[in-house]
Amino acid sequence: MISGNSEWLTVLGTLSFMLGAIASISAAAWIYRSGDRQRPDRQALVSALCLTALWCVTLAAYGTGTFLASITEAARNLAWLAVLLRLFSNDGRDASMAPVRPVIIVLSFVVCLQPILASVVHDFARAGEFSALAVQISTLFHLLVAVGALVLLHNLYGGAAPTSRQILRWSSAGLAAMWAFDLNYYTVAYLSDSAQVELGALRGVVAALVALALALGARSSTAGLNFKPSRAVTFQSLSLILIGAYLMAMIAIARSLSLFPGDLARMTQVGFVVAATTVAFLWLPSKKMRSWLRVTAAKHLFQHRYDYRAEWLRFNATIGSGGASALSLQERAVQALADITDSPCGLLLTPADDGSLALAARWQWRAIEVPGTALSDELGHLLERENFILDLDEVRSGVDRHGEAEQVPGWLLEDEQIWALVPLSHFDRLVGVVVLARPPHARSLDWEDFDLLRVVGQQLASYLAEHAGQQALMESSRFDEFNRRIAFVMHDIKNLSSQISLLLRNAEKHADKPEFREDMLVTLRNSSDKLNHLLARLGRYGTDAVSKRDRLDLSQVAHQVGKRFENSHPVTVVALEPCTVSGDQEAIEQAVVHLVQNAIDASDDSASVFVEVTNDGVLGRLEVVDSGCGMSPQFIRSSLFKPFVSSKADGFGIGAFEARELVRTMGGRLEVESREGLGSRFALCLPLHATADFLNTDIPSNAKVA
């Protein structure tokens, strides 16, 4: 078994030194080609890395105890001492620090003695005592070199200017790692009277790491790099270290229990392992344990408590989550703020009509009872004015920073689980207050908590304010829908009122004529029918419901509309071709009336309006042509079909819009041509009845195409 371990360590050591040689040669080549050419230690660094590679190759080929290995190690150490001396030249201290050179000279002399001692050990190998003494002296010399080099390295970095430290950081770290490992290696060798094979096998890996550090520090663009492990990696590594320490302690205790005599030892060991495993399963995965570990790592290993990038990404993920099963925006706002401080639950309070704050949402906090008036308006105004995080532990201890102690209600102070109040301010206006519960690992809030919670609270306030604005806009759109219906009603009533007014004016002149009285009765009957149809149509205005489809003749519709206006304005119906279409007769007639009325309004009193009906075999067309003032292309494009925009002083601006919407619901379209000063042409196009029947016919799925 021992022989197998020795062979395995030999193979591991060979691979380790091969890795060190490859890394050293690669680093030397990279520094020679891409390194900063202005650095005074550049040539010495390349030479030291090449000699280190030679030392690694020698140890991989011949082993660690040979005379050749001692020679190459001495050359390596001399080269690194030369690099250390050149590093003092980066900020000019090599000329002013006279004690440096004597120390370097003494250490170099000690290094040069190493091959002599190795030769003595080799020549007097049979003289055991003399050879052992030479090995001890050689080991002491190695310790002396390592200690002296570390002292010089400390003076180099400790006395450097801040700008020079930026350049020396990686080089100093690499050299410190190399000599610190040598110090430990030879200390163990001196105390145990032999070099440790396990530690010796790792020297090549250390050489590779040193080469990497020196390569990073050899270029100005990489010399300023900082090693900053993420908080997640640090937390996981610390967890693994803690678990490993726990397991090592358990193994040590279990081994010590084996000292008990007989079966008692085995029974005690088994019982202890069961108990320790149970404790590990219950204690290590606990939320309180993870919280303590996270706080400890952030407190002792990082400059700041929070990883702001990770917090921002988590915040956006929480707020942006949607879907049918997602929490409401108010609940997500509480969760996003609670996740920052590891709070298990929270509340959202929003302003009421009287200025006080009431409960608006809960997140995982169903047990707490919140009064109807959660916070008074005085405390709300104080939070709005001062915009501070209210630490309730401070209030409970008697601290009063802004006069808030008298305003905090009793239900917040009585429940020890309530931890802090975070105001949500948007443009100096209080949108809400989040009540946070105490995290599993209790701690005091500090300046970093206050700053982050304040910024996140402002962001949440903007989201909540935008959400409230959208809700108000939706309510306003509902009122707009209602107002639109009223506007349509007023428009139709206005048309009927115009007809009745015209009828009354003509009645004063022609009331004694039987023909006029007959036409008057017809007009009144039509007006009454229109009012009844209007009441029935109120539920359809503003909706996208498709009108009923009947078979009707556009020529007949044109003739009826022409007769309606014959006593008020010249309306001429021309080219009445047979044109049977599919649609709602009432809606089509209403649309044509709108178009004719608009044409009359745009024309002179004596100018005739023409109505023409044609068909092309697919569509039926009813055109309304006037010779009025006309419209500009810009008005047609941006204003003609826009509701409540009209070129007439007393117009509602919905006649053309309603006509187009009515035609669209029946599968048709409304075309417009107009020239300023010449007049306009509106064409109402509807599919013929035969065409509509063909388009609405379902084709069987198994039908074959010829």
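Reply: The side chains of E311 and R314 meet in a salt bridge, with N and O 2.7 Å apart. A salt bridge here is a side-chain nitrogen of Lys or Arg within 4 Å of a carboxyl oxygen of Asp or Glu. This is a predicted model, in which local features need pLDDT of at least 70 and side-chain atom pairs count only at pLDDT 80 or more, while totals for chains, interfaces and linings use all residues. Residues are numbered from 1 along each chain as its sequence is written, and side-chain values use heavy atoms, with hydrogens and water left out.

Me: Where do E311 and R314 lie?
Reply: Both are in helix α13 (residues 308–320), three residues apart, or about one turn of the helix. Helices (H or I, at least four residues) and strands (E, at least two) are DSSP runs, numbered from the N terminus.

Me: Is E311 buried or exposed?
Reply: E311 is buried, because its relative accessible area is 14%. R314 counts as partly exposed at 34%. Buried means under 20% relative accessible area, exposed over 50%, and partly exposed in between (1.4 Å probe, protein chains only).

Me: How many salt bridges does a search of the whole structure find?
Reply: The search finds 18 salt bridges. One of them joins R681 and E623, at 2.4 Å from N to O. R681 lies in strand β12 (residues 679–687) and E623 in strand β10 (residues 619–626), so this pair ties together parts that are 58 residues apart in sequence.

Me: Which residues are linked in a network with R681 and E623?
Reply: R621, R669 and E671 are linked with R681 and E623 in a network of salt bridges. E623 is buried at 9% relative accessible area, whereas R681 is partly exposed at 30%.

Me: What about E386, which residue does it form a salt bridge with?
Reply: E386 forms a salt bridge with R385, the closest N and O atoms being 3.7 Å apart. R385 counts as exposed at 57% relative accessibility, and E386 as partly exposed at 36%.

Me: Changing topic, how many disulfides are there?
Reply: The count comes to zero disulfides, a disulfide being a pair of cysteine sulfur atoms within 2.5 Å. For C579, the nearest cysteine sulfur is that of C685, 9.8 Å away.

Me: Is C579 buried or exposed?
Reply: C579 counts as buried, because its relative accessibility is 1%. C112 counts as partly exposed at 41%.
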